[in-house]
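The following briefing concerns the structure displayed below. It is arranged by topic for reference alongside the coordinates.

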Amino acid sequence: MLFFPVRINHDARIAPAQVRRKIHNPFQFSLQEKNAIKIFYLRSILFIYLDTLLTQCYEDSPMPRNKSKTLYQRARKKIPGGVNSPVRAWQSVGGTPAFIARGKRAYLFDTEGRKYIDFVASWGPLILGHAHPKIVQQIKKTAARGTTFGAPTEGEVELAELVCRLVPSIEAVRLVSSGTEATMSAVRLARACTGRTKIIKFDGCYHGHADGLLVKAGSGIAALGLPDSPGVPPGFARETLVARFNDPASLEGLFDRHGKNIAAVIVEPVCGNMGVIPPAPGFLDAMRKVAHAYGALLIYDEVITGFRVALGGAQQLYKLQPDLTCLGKILGGGLSLAAFGGRREIMNLLAPEGPVYQAGTLSGNPIAVAAGLAVLRLLSRRGTYSALEDLGRKMEEGYRAVLRQYGIHGTVNRVGSMMTIFFGVDRVQSAADARRGDCAQFARYFHGMLRRGVYWPPSQFEAAFVSLSHLEKDIAKTLQAFSAWAREERRR
Ligand SMILES: Cc1ncc(COP(=O)(O)O)c(C=O)c1O
């Protein structure tokens with residue numbers, strides 16, 4: 001039951017004076033005393049009733065977020081679906097999305113002033129939490145000198161040098177404004193480099209919304225390359241073949257049939273977009289070998305994992321080098337910045353050095369570059385990734401303990417500070433496994449956590465992120481909230 005600001009007076013010792021007064025015969029009261037007793041008990045009943053009502057408001061129905069509701073109604077009149085990126089609409093969990101007023105460290109504050117412990121981290125970029133003073137300072141300082149020039153700047157050179165040093169498979173890099181641009185451009189480059197047209201992606205991996213990459217297909221039609229979105233010409237989609245993650249045989253099968261036409265394999269080396277799914281031992285190595293055996297390039301989409309699972313990304317963690325790498329999210333410190341890079345002879349095909357066209361008005365924007373440089377420098381400090389691993393491990397162990405304690409069927413996948421909880425399944429190694437999860441239970445989990453002040457990604461098929469701004473007490477509160485939700489869930 002919720003704390004209600006007016007204390008309920010159950011205790012006779014703190015009852016009104018008339019009630020407390022010693023009376024010879026305790027069963028005999030004056031009229032005045034009887035009235036005082038009536039008022040006292042009526043007040044108590046009213047308080048209990050109001051308290052119960054309020055508790056139900058919080059625990060059984062979506063929270064009354066009136067300002068968010070009004071804003072959402074206004075937004076839906078002018079913005080398709082009321083949001084500028086679909087997952088923000090909470091369609092898979094239901095309810096009105098919380099409109100956010102501000103963020104500080106690990107916390108988000110909605111338009112009603114409610115505070116949440118944030119595990120969305122703007123879908124990954126905010127590895128240092130919200131409004132880190134050093135990043136804010138760099139942004140302000142840089143903006144005061146001019147926001148964009150459409151001409152090269154010293155910051156871009158510094159960032160390119162730093163990226164190449166931190167991710168050694170990248171010998172040359174180009175800055176762009178979004179992860180979508182990075183993957184789209186890397187694929188164009190791979191096609192130009194090999195003179196082939198087809199690419200292979202994995203079911204459940206997301207690489208932004210460029211036409212040829214918006215293909216995931218279901219299990220039965222995995223290799224047919226049907227477009228996932230109207231507006232993607234079937235001809236484009238046919239150039240994209242779909243293999244199953246963690247299933248080297250499905251990849252080899254595609255190479256057997258289409259090998260001489262395949263320009264590249266693109267993969268999230270640790271999946272984040274079907275929930276977190278780590279690569280099975282040997283899978284990434286098998287992928288590299290088969291791709292290279294057929295003369296195709298290997299593209300690691302490290303838009304999420306870059307600077308997240310290790311300073312040098314998943315390729316450092318698993319000790320493998322792709323031909324091309326896509327970066328984003330953390331790279332821009334919360335501003336619009338992404339990049340693709342790799343072997344010099346491939347990158348030198350880009351205009352103006354080579355014939356492959358790629359460009360952007362705001363590419364390498366000075367403010368985003370300054371924020372990116374500040375983040376990467378802070379992340380380069382000793383102890384960063386062991387601290388993240390420590391926080392992530394505490395979350396995973398705590399979640400597993402609660403699942404066991406309350407007998408809730410589910411599992412937790414985690415790599416470093418990326419984590420997903422799946423319900424109704426024992427093991428998740430592929431998109432098909434993830435789809436077998438209980439999304440209705442996930443929606444209850446999401447709202448249960450939100451009511452208890454924890455902002456988790458509003459979809460089963462996303463990663464939750466721990467950041468360096470999460471304190472031990474935030475983890476403890478989150479585990480308490482999960483435990484309270486699990487208790488409630490078991491009673492259903
Ligand atoms: C792995 C991956 N690649 C590419 C993208 C696309 O990035 P952006 O949203 O910046 O276009 C995303 C976005 O979530 C992603 O998770």
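## Backbone geometry and overall fold

Alanine 121 is buried, having 29 other C-beta atoms within 10 Å. The model discussed here is a predicted one. Its chain contains 16 helices and 14 strands, and buried residues account for 43% of the 492 residues. Among contacts between residues at least 6 apart in sequence, 72% join residues at least 24 apart.

**Positive phi angles and a cis peptide**

- Alanine 121 adopts a positive phi of about 55 degrees although it is not a glycine, and this residue is found in the loop between β3 (115-118) and α4 (133-143).
- Serine 122 likewise has a positive phi of about 55 degrees without being a glycine, and it is found in the loop between β3 and α4.
- Is Serine 122 buried or partly exposed? Serine 122 is partly exposed, because 14 other C-beta atoms lie within 10 Å, whereas 20 or more would be required for a buried residue.
- Alanine 351 and proline 352 are joined by a cis peptide bond, with omega at about 10 degrees.
- Proline 352 lies in the loop that runs between α11 (344-347) and α12 (366-379).

**The ligand shell**

- The shell around the ligand comprises 16 residues, of which Ser178, Gly179, Thr180, Gly208 and Val303 come nearest.
- By class, the shell consists of 5 nonpolar, 9 polar and 2 charged residues.
- Helix α6 (residues 179-194) supplies the largest share of this shell, namely 3 residues.

**Helix α6**

- Helix α6 has 16 residues and reaches 23 Å from its first C-alpha to its last, which is close to the 22 Å expected at 1.5 Å a residue.
- The buried residues of α6 are Gly179, Glu181, Ala182, Thr183, Met184, Ser185, Ala186, Val187, Leu189, Ala190 and Cys193.
- An α-helix has 3.6 residues a turn, so residues three or four places apart point the same way.
- Just after α6, glycine 195 takes a positive phi of about 70 degrees.

- Strand β5 (residues 198-202) and β6 pair in the parallel sense over 4 bridges, with isoleucine 200 opposite leucine 241 in β6.

**The sheet of 3 strands**

- A further open sheet has 3 strands in the order β11-β12-β14, with antiparallel pairing.
- At its edges stand β11 (410-415) and β14 (464-465), each with a single partner strand, so one side of each is left without a neighbour in the sheet.
- β11 pairs with strand β12 (residues 418-423) in the antiparallel sense over 6 bridges.
- Within this pair, valine 415 stands opposite methionine 418 in β12.
- Helix α13 (residues 384-405) lies across β11 and β12, and its direction is at about 175 degrees to β11.

- Strand β1 (residues 100-104) and strand β2 (residues 107-110) pair in the antiparallel sense over 4 bridges.
- Isoleucine 100 stands opposite aspartate 110 in β2.
- How many residues lie between β1 and β2 in the hairpin? There are 2 residues between them, and arginine 105 in the turn has a positive phi of about 50 degrees.

Conventions. Residues numbered from 1 in each chain as written. Predicted model: local features only at pLDDT ≥ 70, side-chain atom pairs only at ≥ 80, totals over all residues. Near = placed C-beta within 6 Å. Nonpolar A, V, L, I, M, F, W, Y, C, P; charged D, E, K, R; others polar. Pairing = 2+ DSSP bridges. Buried ≥ 20, exposed ≤ 12 C-beta atoms within 10 Å, placed from the backbone. Expected span 1.5 Å × (residues − 1). Contact = placed C-beta atoms within 7 Å. Axes fitted to C-alpha atoms, helices over the stretch in contact; angles between N-to-C directions.
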